[in-house]
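These exercises go through one protein chain. Work each task with the sequence and structure in view, then read the solution.

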Amino acid sequence: MRQKDGNRPAGSLRENMTGHILDAAEKVFSCHGFSGARVDEIARVCDLPKANVLYYFSSKEKLYHATLERFLDGWLADADAWISEKNRPYDGLLKYVQAKIVFSRRKPEVSRLFMQELLSGGGQIEGFLKITLKEHVERLSDVFRIWQERGQMKAVNVPHFMFLLWSMTQSYADMQVQFAAVLGRKKLLKSDYDDGLTTIMQLLSSVCIDEETSAPAEDSTQTRS
């Protein structure tokens, strides 16, 4: 591999630069949506010339797709890692919910960007929703079936169970202004997210059978946020 800047691989530099641009794109797209966002603004946020942004992403459309794709890949990977027959139901669900809550706290703008896309009809991610996400939930259904056959978990309607999980965890990003107002704060505190995690797990523990459960841990979950 060709080297640049001393011993640093050229590929590593490109990966860092694209990540830097995508971080800025998340902020701008989440504020203005696809139609209202401008590449000039994204370039300003990441402190790069517009030409540099377009060198890595040749159009606003490709930049928008890449921004959503990075989020969605991480979202599915977290579920595949923790909702697994290798884990006990409570342990796997705890780690998954913890990862989602941490993501909502650290990267709320990305969750809001995804929500904006859904509210606009989801045209930019139609293939993901109808194929990738559907197949993902079908894989998770196999895990839930194994847990149930082992007598570790009560029977649940898996798609609707996942709908509730997504709603409960992502709402701490999408609706944080409302939540903060109800709690009498200007913004949510880390303790509020921790309380949310604990409350969600109290609800989920009702479907886990004969599990030795422990209290939700601090931010020890490794996430892709």
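Of the chain's 225 residues, 42% count as buried, where buried means under 20% relative accessible area, exposed over 50% and partly exposed in between (1.4 Å probe, protein chains only). This is a predicted model, in which local features need pLDDT of at least 70, side-chain atom pairs count only at pLDDT 80 or more, and totals for chains, interfaces and linings use all residues. Residues are numbered from 1 along each chain as its sequence is written, and side-chain values use heavy atoms, with hydrogens and water left out.

**Exercise 1. State how many helices and strands the chain has, and give their order.**

Step 1. Take helices (H or I, at least four residues) and strands (E, at least two) as DSSP runs, numbered from the N terminus.
Step 2. The count comes to 10 helices and 2 strands.
Step 3. Read from the N terminus, the order is β-β-α-α-α-α-α-α-α-α-α-α.

**Exercise 2. Check the span of helix H6 and list its buried residues.**

Step 1. The expected span is 1.5 Å times one less than the number of residues in a helix.
Step 2. Helix H6 covers residues 108-119, so its 12 residues should span 16 Å; the end C-alpha atoms are 16 Å apart, which agrees.
Step 3. The buried residues of H6 are Pro108, Glu109, Val110, Ser111, Leu113, Phe114 and Glu117.
Step 4. After H6 comes glycine 121, with a positive phi near 110 degrees.

**Exercise 3. Describe the span that UniProt lists as "DNA-binding region", and aspartate 47.**

Step 1. The unreviewed UniProt entry gives residues 38-57 for this feature; UniProt positions are in the numbering used here, feature names are shortened, and annotations may be inferred rather than shown by experiment.
Step 2. Residues 38-57 are 70% helix and 0% strand, with end C-alpha atoms 13 Å apart.
Step 3. Aspartate 47 sits in the loop between helix H2 (39-45) and helix H3 (50-56).
Step 4. Most residues other than glycine have a negative phi. Aspartate 47 is not a glycine, yet its phi is positive, about 55 degrees.
Step 5. Aspartate 47 counts as exposed because its relative accessibility is 68%.

**Exercise 4. Are cysteine 31 and cysteine 46 buried or exposed, and how many disulfides are there?**

Step 1. Cysteine 31 has 60% relative accessibility, so it counts as exposed.
Step 2. Cysteine 46 has a relative accessible area of 3%, so it is buried.
Step 3. With a disulfide taken as a pair of cysteine sulfur atoms within 2.5 Å, the count is 0 disulfides.

**Exercise 5. Describe the second largest pocket and its lining.**

Step 1. On a 1 Å grid over the protein atoms alone, a pocket is an open set of points where a 1.4 Å probe fits, with protein on both sides within 12 Å along at least five of seven lines; lining residues have an atom within 4 Å of a point.
Step 2. The volume of the second largest pocket is about 160 Å³, a volume being the space filled by probe spheres set on the points, which are joined across faces, edges and corners.
Step 3. Helix H4 (60-82) and helix H7 (126-149) each supply at least two lining residues, and H4 gives the most, with 6 residues.
Step 4. Among the lining residues are His65, Leu68, Gln124 and Phe128.

**Exercise 6. Find which C-alpha separations are given for alanine 155 and valine 207.**

Step 1. Alanine 155 is in the loop between H7 and helix H8 (158-174), and 69% relative accessibility makes it exposed.
Step 2. The C-alpha atoms of alanine 155 and cysteine 208 are separated by 9.7 Å, at 53 residues apart along the chain.
Step 3. Valine 207, in the segment after helix H10 (190-204), is buried at 14% relative accessibility.
Step 4. Between the C-alpha atoms of valine 207 and glutamine 152, 55 residues apart along the chain, the separation is 8.7 Å.
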